[in-house]
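Subject: Structure handover

Hello,

Here is the structure for your set. Please look through it first; my notes on what was found follow below.

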Amino acid sequence: MTFSEHLLYLREKRGLKQTDVATAIGVTERGYRNYERGLREPTLSTLIALADFYDLSLDELVCRER
């Protein structure tokens, strides 16, 4: 699963709108939408906010496996 697919999965699993997540992590809805579409990559501070929002480690958030 790609990072963008994982973001979509996490959001839909919780029944949230893109606006909900964007507001919670402090980015625009358009910016968040671009993350889900794989058009842009979030900054480190946004990745941390996403990980905190979804209560995941950064590795879990970005689908990193050893």
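**Aromatic pairs**

Tyr 54 counts as buried, at 3% relative accessibility. Its ring and that of Phe 53 have their centres 4.9 Å apart and their planes at 75 degrees, so the pair is edge-to-face. Phe 53, for its part, is partly exposed, with a relative accessibility of 32%. Please keep in mind throughout that this is a predicted model.

How many aromatic pairs are there by the rule used? The count comes to two. Besides Phe 53 and Tyr 54, Tyr 32 and Tyr 35 form an edge-to-face pair, at 6.4 Å centre to centre and with 85 degrees between the planes. Tyr 32 and Tyr 35 are both in helix α3 and three residues apart, which means that about one helical turn separates them. Tyr 32 is buried, and its relative accessible area is 0%. Tyr 35 is buried as well, at 10%.

**Confidence**

The pLDDT of the chain averages 95, and 98% of the residues score at least 70. Where is confidence lowest, and where is it highest? The lowest value is in α5, with a mean of 94, and the highest is in α2, at 98.

**Packing of α1 and α3**

The axes of α1 and α3 are 6 Å apart, and the two helices pack at an angle of about 115 degrees. On the α1 side the contact is made by Ser 4, Leu 7, Leu 8 and Arg 11, and on the α3 side by Tyr 32, Tyr 35, Glu 36 and Arg 37. Sorted by class, this contact has four nonpolar, one polar and three charged residues.

Ser 4 can be looked at on its own. Its helix, α1, covers residues 3-13. Is Ser 4 buried or exposed? Its relative accessibility is 15%, and because the limit for buried is under 20%, Ser 4 counts as buried. With neighbours within four places in sequence left aside, Ser 4 touches Tyr 35, Glu 36, Arg 37 and Gly 38.

**Helix α2**

Helix α2 runs over residues 18-25, and its buried residues are Gln 18, Val 21, Ala 22 and Ile 25. Viewed down the axis of α2, these residues fall within an arc of 100 degrees, so they line one face of the helix. What covers them? The cover includes α1, α3 (29-37) and α4.

Gln 18 belongs to helix α2 and counts as buried at 17% relative accessibility. Apart from neighbours within four places in sequence, the contacts of Gln 18 are Arg 11, Glu 29, Tyr 32, Arg 33 and Glu 36. Just after α2 comes Gly 26, with a positive phi of about 80 degrees.

Asp 55 is not a glycine, yet its phi is positive, at about 55 degrees. Where is Asp 55 found? Its place is the loop between α4 (44-54) and α5 (58-61). Asp 55 is exposed, with a relative accessible area of 70%.

Cys 63 also has a positive phi without being a glycine, near 60 degrees. Cys 63 is in the segment after α5. At 28% relative accessibility, Cys 63 is partly exposed.

**One further residue in α4**

Ile 48 is in helix α4. Is Ile 48 buried, partly exposed or exposed? At 38% relative accessibility, Ile 48 counts as partly exposed. His 6 and Ile 48 are 42 residues apart along the chain, and their C-alpha atoms are separated by 15 Å.

Regards

Methods
Residues numbered from 1 in each chain as written. Predicted model: local features only at pLDDT ≥ 70, side-chain atom pairs only at ≥ 80, totals over all residues. Heavy atoms only, no water. Helix = DSSP H or I, 4+ residues; strand = E, 2+ residues; numbered from the N terminus. Buried < 20%, exposed > 50% of the residue type's maximum accessible area, 1.4 Å probe, protein only. Contact = heavy atoms within 4.5 Å. Arc of directions from axis to C-beta. Axes fitted to C-alpha atoms, helices over the stretch in contact; angles between N-to-C directions. Nonpolar A, V, L, I, M, F, W, Y, C, P; charged D, E, K, R; others polar. pLDDT = per-residue confidence, 0-100. Phe/Tyr/Trp six-rings, centres within 6.5 Å; stacked < 30°, edge-to-face > 60°.
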